[in-house]
Amino acid sequence: MGAIHVHEFISLDGVIDAPTWTADYGFDPKMGEAIGAVAARSDGILLGRTTYEMFEPAWSTRTVEDDPGAPFFNDTTKYVVSGTLTDATWRNSELVGPYDAETIRSLKARVDGDLYVSGSGTLVRAMLADGLVDGLHLFVYPLTRGGGPRLFPEGAAPAGLALANCDSYENGVVYLAYRPET
């Protein structure tokens with residue numbers, strides 16, 4: 001059975017909205033290496049509808065010359081969790097229907113290798129609540145947003161996590177990788 005690894009850009013106060021605010025910090029090449037390591041072991045991409053609709057126009061026309069991550073996003077099967085999307089037009093995309101924990105468990109069992117998730121806050125919060133996330137890869141930016149959707153919303157059940165890896169970058173971003181506490 002594969003694992004689900006979630007990658008998020010997050011502010012110090014836990015906000016994970018569309019990370020346009022990350023641009024001021026640049027993108028340290030070592031951050032790309034950390035994300036690439038997670039992607040390299042993944043044989044599928046799991047996305048919520050909103051992130052899928054943001055990623056499709058951004059990635060579908062990119063080539064490896066534009067961004068080394070383009071082949072991963074374009075060639076890897078994308079599994080889209082949505083109760084409203086009726087047509088997945090980005091190549092190698094498959095609709096899995098509305099969120100259902102059992103459907104996600106079945107997908108984990110069916111896909112050879114891991115599933116990579118980026119963004120997809122609503123989906124990630126549901127999977128965290130259902131204990132489906134095997135790795136949480138956070139790139140913590142040195143700012144607060146004050147408001148916005150948070151990774152762990154008010155009222156989320158307490159949970160323990162174990163640190164699997166950490167690193168810091170020249171731009172002030174800190175990488176924290178967690179796995180469920182065993």
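1. At 30% relative accessibility, R62 counts as partly exposed, meaning a relative accessible area between the 20% under which a residue is buried and the 50% over which it is exposed (1.4 Å probe, protein chains only). Its partner in a salt bridge is D67, with the closest N and O atoms 3.7 Å apart; a salt bridge here is a side-chain nitrogen of Lys or Arg within 4 Å of a carboxyl oxygen of Asp or Glu. D67 is partly exposed too, at 22%.

2. A word on the basis: this is a predicted model, where local features need pLDDT of at least 70 and side-chain atom pairs pLDDT 80 or more, while totals for chains, interfaces and linings use all residues. Numbering starts from 1 along each chain as its sequence is written, and side-chain values use heavy atoms, leaving out hydrogens and water.

3. The structure holds 9 salt bridges. One of them joins R41 to D114, with the closest N and O atoms 3.4 Å apart. R41 sits in the loop between helix 1 (29-40) and strand 2 (42-48) and D114 in strand 5 (residues 114-118), so this pair ties together parts 73 residues apart in sequence. Helices (H or I, at least four residues) and strands (E, at least two) are DSSP runs, numbered from the N terminus. D114 is buried at 13%, whereas R41 is partly exposed at 39%.

4. E53 and R49 also form a salt bridge, at 2.8 Å between the closest N and O atoms. They lie 4 residues apart in helix 2 (residues 49-59), about one helical turn.
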